[in-house]
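Thanks for passing this one along. Here are my notes, point by point, for you to read beside the model.

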Amino acid sequence: MFQKQDMSNREVGREPETIISASVKLEGDFVSQGNVLIEGEVEGSLKTEKDLRVGEQARIAADVSAASASVAGEVRGNLEVTNRLELEPTARVYGDIKTSDLIVASGAIITGRITMTSGIEDASNKSSKGNKSVKLSKGVLKDEDVKELLAEETEEVMGEMEEKETAKKTINAFFTK
Amino acid sequence: MYFYIYDSFLSEKKYSRTLAAVETRLTDLGISGKIGRLSPFTTAKGLIRDEVRRGTETIVVVGNDETVSRAVEGIGDVKITLGLIPIGSPTTIAEALGIPSGEEACDVLSKRLTQKIDLGRVNGRFFLSSVRIPSGRVVIEGDGQYRILMPSADCEVVVSNLRNAEIPQPGIKVANNPGDPMDGLLDAMITPHLSSLFGFGKRTASSSVIPMRRMNITSEEPIDMFADGQAFTNDNFLIEVVPDCLKVITGRSRAFAQV
């Protein structure tokens, strides 16, 4: 029992200050200033200024907000994570995700919109590239989906390079004349 | 000016030697003072209130955890400094404060290294260490914002202000050191009892640890609660933290605020 708890703690990075164990249900608005480990049930809203770890058996029906998070269980609600969000193979997220750094393991289920927040700032400052927003038609983000996304992005970059190349040729042709 | 409160059990012959050594050491260090003795007719609260009126600024409790508990209940939010000389057992509160037993405690006292710590209050009664509900079907309302429900019929609840031996399952490591008396929070540790196969014996599930400022514990029927070891029964307990309430003399090996 303790071994499992220790492992979860290590994965969070630091030891949790709040632990909701598997046999406990929390209802309402929970706000914490420390690390939180959820192994049980939460209904309402959940907010922490530090790290959140959602265990494999955990079930959350709440809007969640954290500095960074690692999810192995079920979350029904929107997830807003300031830094890194890690979805493990057993993770099931039914709601929108907003984060600046996302790691999705093969097998994780996401049904909702993913918004990468760091992209928004870069876009508004530099160019019209815009906010990288991905809407998943099916819930499961698999290797094929990732490949498709990468292919789209590669096409965009290639297109840009071709445009630049053509412009260069035109300028060269003008000076040669 | 120091005022020493001796517990009634110190009149037993087996403590006379230790007590004599303590008194000699206190005289050597120049911190001896007036002595008040607890008895069935003299309460710690009465002794402390009289001495505070006379201008005493430091109360030193000589005895075990129960003596400290009675003194803390008497001190409440009165602005004085508390010192301990642990004699007898259990002395887990003194251990958490880094104070050695007997004569050696006098040296810690003379160094006068003080910390301002929180106290807990349950239904108006002050406690230093923890309150414990050994068993009962309860609902906990935390900070007026959420409720904690347990599907299990029975659970143990320990609300700690200062880490001590009453916290179950010390194997669980938590970063905020449950029972840090300087964090402005109380830590509720909830351990559900699961009924085992064929109903023989009890198993315990893993504990939940939730820091709170204020909690309301209710039960459908009256249940027993132990505040720093002293028992009382009720069906509704309002528990809250009183931050920076008590100035206490601590040793360097205390379990919190390590430099």
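1. Let me begin with K247(B), which sits in strand β15 of chain B; helices here are DSSP runs of H or I of at least four residues, strands are runs of E of at least two, and both are numbered from the N terminus. K247(B) is partly exposed, because 16 other C-beta atoms lie within 10 Å. For the terms, a residue is buried with 20 or more other C-beta atoms within 10 Å of its own, exposed with 12 or fewer, and partly exposed in between, the C-beta atoms being placed from the backbone.

2. Which residues does K247(B) touch once neighbours within four places in sequence are left aside? They are T81(B), T114(B) and K116(B), where contact means that the C-beta atoms, placed from the backbone, lie within 7 Å. K247(B) and G83(B) are 164 residues apart in sequence, yet 8.9 Å apart in space, C-alpha to C-alpha.

3. Before going further, a word on provenance: this is a predicted model, in which local features need pLDDT of at least 70 and side-chain atom pairs count only at pLDDT 80 or more, while totals for chains, interfaces and linings use all residues. Residues are numbered from 1 along each chain as its sequence is written, and chains are lettered from A and ligands numbered from 1 in the order in which they are written.

4. Strand β15 turns up again around helix α5 of chain B: the buried residues of α5(B) pack against β15 (230-249), and also against α1 (16-29), β3 (58-63) and β4 (81-86) of chain B. The helix spans residues 104-111, and A105(B), C106(B), V108(B) and L109(B) are its buried residues. Viewed down the axis of α5(B), they fall within an arc of 160°, so they line one face of the helix; the arc is that of the directions from the helix axis to the C-beta atoms. Next comes R112(B), with a positive phi near 50°.

5. Chain B is divided into domain 1 (2-112) and domain 2 (125-243), with bounds from an automatic or database domain assignment. Between them, 11 residues of domain 1 are in contact with 13 residues of domain 2. On the domain 1 side, α3 (65-75) and α4 (92-96) of chain B are the elements giving two or more residues, and α3(B) gives the most, with six. That side divides into four nonpolar, three polar and four charged residues. Here Ala, Val, Leu, Ile, Met, Phe, Trp, Tyr, Cys and Pro count as nonpolar, Asp, Glu, Lys and Arg as charged, and the others, Gly among them, as polar.

6. Finally, the chain totals. Chain A has three helices and 14 strands, and buried residues make up 32% of its 177 residues. Chain B has five helices and 15 strands, with 45% of its 259 residues buried. Among contacts between residues at least 6 apart in sequence, those joining residues at least 24 apart make up 12% in chain A and 71% in chain B.

Terms used:
Contact = placed C-beta atoms within 7 Å.
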